[in-house]
Every structure is written in structure tokens, then in C-alpha cells.
Amino acid sequence: MSTKRRSYESGHKPKCLVVVDDTAECDRAVYYAARWAVRVGGGVVMLRVIEADQRNQEWRGVADIMRAEAHEEANAALDRASGRANGLAAITPERVIREGNPTQQILDVIEKDVDISALVLAASTGAE
């Protein structure tokens with residue numbers, strides 16, 4: 001079920017969701033989202049998805065350590081991306097860290113935030 005977008009209604013402001021990952025193209029997505037936010041008077045939501053690994057559940061202590069490390073890496077990536085957006089457009093993005101399937105998490109974030117009106121994904125053709 002899709003939720004009605006309210007980003008341009010009174011009391012709301014449009015937000016751009018940008019997925020922060022480890023690709024070189026991510027910087028382009030952050031750049032575009034930050035400039036878009038300034039142009040429309042909106043905000044930016046930065047999402048980092050940690051893919052959950054279901055293997056080795058019997059090694060619970062190791063899994064907990066790996067999960068904590070993944071959260072530290074996610075925070076570091078969001079720090080870099082937020083710093084870039086702030087430097088480009090003097091904005092402070094919202095930060096979201098989710099665990100699970102990336103596609104499902106992107107859809108869930110969009111569904112729960114009625115102010116998200118744009119999704120920015122950067123992709124590469126693989127040719128340089």
C-alpha cells in the first residue's frame with residue numbers, strides 16, 4: 001500500500017532520499033540531493049543499509065561484534081556524506097541506518113516518511 005506524499009502541503013517540506021553506499025557514484029548522488037534540497041527549499045534523508053548476514057548464528061558473540069562494526073562503518077560513511085552535503089549546500093541531512101534487504105529498506109523508509117518526494121540513486125555503467 002502506498003502512502004500519500006504530503007511534502008508540498010502546508011507544514012511539510014519536500015525531502016530527497018539518497019542511498020549512501022561505497023560506490024564512487026555515491027558522491028554524485030549526494031551532490032545532486034544537496035543541490036536539489038537548496039533549490040526546492042527541502043531537506044535530505046541519507047540512508048545506509050547494512051545487509052544482514054544470517055550465517056553463523058551459532059557464533060552469536062562474533063555476530064554481535066560484526067554487527068557493531070557494521071554500524072560503526074555505516075556511521076562513518078554517513079559522516080562523510082553529511083559533511084559533503086553540508087559543505088555543498090550548508091544543510092544537515094537526516095541520517096537513517098537500516099539492516100536487511102536494501103530494496104525492502106528503501107521502500108520502508110519511503111513508506112514511513114510522507115515528506116520524501118524524490119529518490120536519488122547513482123549508478124555506473126562499469127566503463128571508465
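## Accessibility terms and basis of the model

A residue is called buried when its relative accessible area is under 20%, exposed when it is over 50%, and partly exposed in between, with a 1.4 Å probe and protein chains only. At 27% relative accessibility, H12 therefore counts as partly exposed.

The model is predicted: local features need pLDDT of at least 70, side-chain atom pairs count only at pLDDT 80 or more, and totals for chains, interfaces and linings use all residues. Residues are numbered from 1 along each chain as its sequence is written, and side-chain values use heavy atoms, with hydrogens and water left out.

## Overall architecture

The protein chain contains three helices and four strands. Helices (H or I, at least four residues) and strands (E, at least two) are DSSP runs, numbered from the N terminus. Along the sequence, these elements follow the pattern β-α-β-α-β-α-β.

Of the 128 residues in the protein chain, 34% are buried. Contact means heavy atoms within 4.5 Å. Among the contacts in the protein chain with a separation of 6 or more, 75% are accounted for by residues 24 or more positions apart.

## The sheet

Strands of a sheet pair through backbone hydrogen bonds, either parallel or antiparallel. Here, four strands form an open sheet in the order β3-β2-β1-β4, with parallel pairing; two strands are taken to pair if DSSP finds at least two bridges between them. From one strand to the next, the twist averages 25 degrees.

Strand β1 (residues 15-19) pairs with β4 in the parallel sense over four bridges, and L17 stands opposite L119 in β4. Five bridges join β1 to β2, and these two strands run parallel; the bridge partner of K15 in β2 is G43. Five of the five residues of β1 are buried, so this strand is largely enclosed by the rest of the structure. K15, L17 and V19 point one way from β1, whereas C16 and V18 point the other way.

## Helix packing

Two packed helices are described by the angle between their axes and the distance between the axes. The axes of helix α1 (residues 26-40) and helix α2 (residues 60-89) come within 9 Å and cross at roughly 45 degrees. That makes α1 oblique to α2, given that angles under 35 degrees count as roughly parallel, over 145 as roughly antiparallel, 65 to 115 as roughly perpendicular and the rest as oblique. Axes are lines fitted to C-alpha atoms, for helices over the stretch in contact, and angles run from 0 to 180 degrees between N-to-C directions. The crossing is right-handed, a term used if the near helix is turned clockwise from the far one by less than a right angle, anticlockwise being left-handed. On α1, the contact is made by D27, V30, Y31, A34, R35 and V38, and on α2 by A81, R84, A85, L88 and A89. By class, this contact has eight nonpolar, no polar and three charged residues. Ala, Val, Leu, Ile, Met, Phe, Trp, Tyr, Cys and Pro count as nonpolar, Asp, Glu, Lys and Arg as charged, and the others, Gly among them, as polar.

## Individual residues

H12 lies in the segment before β1. Leaving aside neighbours within four places in sequence, H12 is in contact with R6, S7, V114 and D115. H12 and D115 are 103 residues apart along the chain, yet their C-alpha atoms are separated by 6.6 Å. G42, found in the loop between α1 and β2, counts as buried at 12% relative accessibility. Not counting residues up to four places away in sequence, G42 touches K13, P14 and A37. Between G42 and P14, 28 residues apart in sequence, the C-alpha to C-alpha separation is 4.8 Å.

S82 is located in helix α2 and is buried, with a relative accessible area of 12%. Residues up to four places away in sequence not being counted, S82 touches M46, P93 and R95. A90 lies in the loop between α2 and β3 and counts as exposed at 66% relative accessibility. Phi of A90 is near 55 degrees, a positive value in a residue other than glycine.
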